[in-house]
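Work through the following exercises with the sequence and the model side by side, and try each task before reading its solution.

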Amino acid sequence: MNRAVRFHETGGPEVLRLEEVPVPAPGPGEVLIRTRALGPNRAESMFRLGQYGIDPVFPSGIGYEAAGVIEALGEGVSRLSVGEAVSVVPSFAMTDYRS
């Protein structure tokens with residue numbers, strides 16, 4: 001199991017919960033990162049408040065920008081390796097991957 005910061009309704013910081021969630025396997029072209037640090041940003045605050053322009057799908061999570069270490073590689077990933085330190089600023093919608 002993995003811990004994730006999630007919310008089940010829009011609102012202020014009081015709606016955030018630390019919850020146990022299953023660890024997903026990386027899909028083709030993806031990597032699984034053991035997160036060491038999160039950088040909640042303004043967009044995530046607006047998303048949590050329901051003011052971002054994209055409505056959250058519940059439960060939803062924060063942690064869009066992160067740094068950590070690659071733990072597993074999905075099919076077709078060849079330029080990265082397990083154990084490599086990485087940081088991410090994703091280019092997908094906050095509703096594409098939910099914890």
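The model is a predicted one, in which local features need pLDDT of at least 70 and side-chain atom pairs count only at pLDDT 80 or more, while totals for chains, interfaces and linings use all residues. Residues are numbered from 1 along each chain as its sequence is written, and side-chain values use heavy atoms, with hydrogens and water left out.

**Exercise 1.** Determine which pattern the protein chain follows along the sequence.

*Solution.* Begin with the elements, which are DSSP runs numbered from the N terminus (helices H or I, at least four residues; strands E, at least two): the protein chain has 1 helix and 6 strands. Reading along the sequence then gives β-β-β-α-β-β-β. The radius of gyration, taken over C-alpha atoms, is 14 Å, close to the 13 Å that the globule rule gives for 99 residues, so the chain is as compact as a globular protein of that length (the rule is 2.2 Å times the number of residues to the power 0.38).

**Exercise 2.** Work out the strand order of the open sheet that contains E1.

*Solution.* Strands pair if DSSP finds at least two bridges between them. Strand E1 (residues 2-7) is joined to E2 by 5 bridges and runs antiparallel to it, with Asn 2 standing opposite Val 21 in E2. The order is E2-E1-E4, with antiparallel pairing.
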